[in-house]
Amino acid sequence: MSSDFEGYEQDFAVLTAEITSKIARVPRLPPDEKKQMVANVEKQLEEAKELLEQMDLEVREIPPQSRGMYSNRMRSYKQEMGKLEKDFKRSRIAYSDEVRNELLGDDGNSSENQLIKLREERAHLLDNTERLERSSRRLEAGYQIAVETEQIGQEMLENLSHDREKIQRARERLRETDANLGKSSRVLTGMLRRSKKKSATYSSRCIA
């Protein structure tokens, strides 16, 4: 069950990294390319939401004693999804303002507007860099969990193999014990028969 969650988790990390990169590019693209990029990001955001839904379903299937860690990760992913949607909305607003300025003949090249745009882009790039770093750390954590899970599985197989050997040895000892009991029973039976035979012979002699 957890392996399915981790698979969705890795897909989500890759997809959100792509979305983040595309959102940052939207304001700097020519109008025609911007429209295509906006449509592409909208589609990928829907795919990311579907992945979150699948991950949520997987978490619900995990036993309660193991669910806490996955629930915390889900909250983090949902927060990241909400931030992506806000960033995309801001990017679309900036795109709409630029298109409007072009239609009205305002090229927006004043030094003040340029400074504001540069500051916004710098802050956005820093935010994107941090998000990519978080995605990278999650991928590394997912890989580590997969390695640990594989190690635990290997240890369980080894323990089962040892237990199987112990059971086999116990069965062999039981068969040996049964065989020894059978021999002892036959010996005792023979001794009883000989004792009864001697007693009968002695009695007949006494009577004679």
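Me: Is Lys 22 buried or exposed, and how far away is the nearest side chain of opposite charge?

Reply: Buried means under 20% relative accessible area, exposed over 50%, and partly exposed in between, with a 1.4 Å probe and protein chains only. Lys and Arg count as positive, Asp and Glu as negative, with His and the chain ends not counted. A salt bridge needs a side-chain nitrogen of Lys or Arg within 4 Å of a carboxyl oxygen of Asp or Glu. Lys 22 is buried and has no salt bridge; Glu 18, the nearest side chain of opposite charge, is 4.8 Å away. This is a predicted model, where local features need pLDDT of at least 70, side-chain atom pairs count only at pLDDT 80 or more, and totals for chains, interfaces and linings use all residues. Side-chain values use heavy atoms, without hydrogens and water, and residues are numbered from 1 along each chain as its sequence is written.

Me: Which residues does Lys 22 touch, not counting residues up to four places away in sequence?

Reply: Contact means heavy atoms within 4.5 Å. On that count Lys 22 touches Met 37, Asn 40, Val 41 and Gln 44.

Me: Which residues touch the most other members of the largest nonpolar core?

Reply: A nonpolar core is a set of buried Ala, Val, Leu, Ile, Met, Phe, Trp, Tyr and Cys residues joined through side-chain atoms within 4.5 Å. The largest one here has 23 residues, and Phe 12 and Ile 19 touch the most other members. H2 gives the largest share, 9 residues.

Me: What does Phe 12 touch beyond four places in sequence?

Reply: Its contacts include Leu 51, Leu 52, Tyr 77 and Met 81.

Me: How far apart are Ser 21 and Val 41 in space?

Reply: They are 9.9 Å apart, C-alpha to C-alpha, and 20 residues apart in sequence. Ser 21 is partly exposed because its relative accessible area is 38%.

Terms used. Helices (H or I, at least four residues) and strands (E, at least two) are DSSP runs, numbered from the N terminus.
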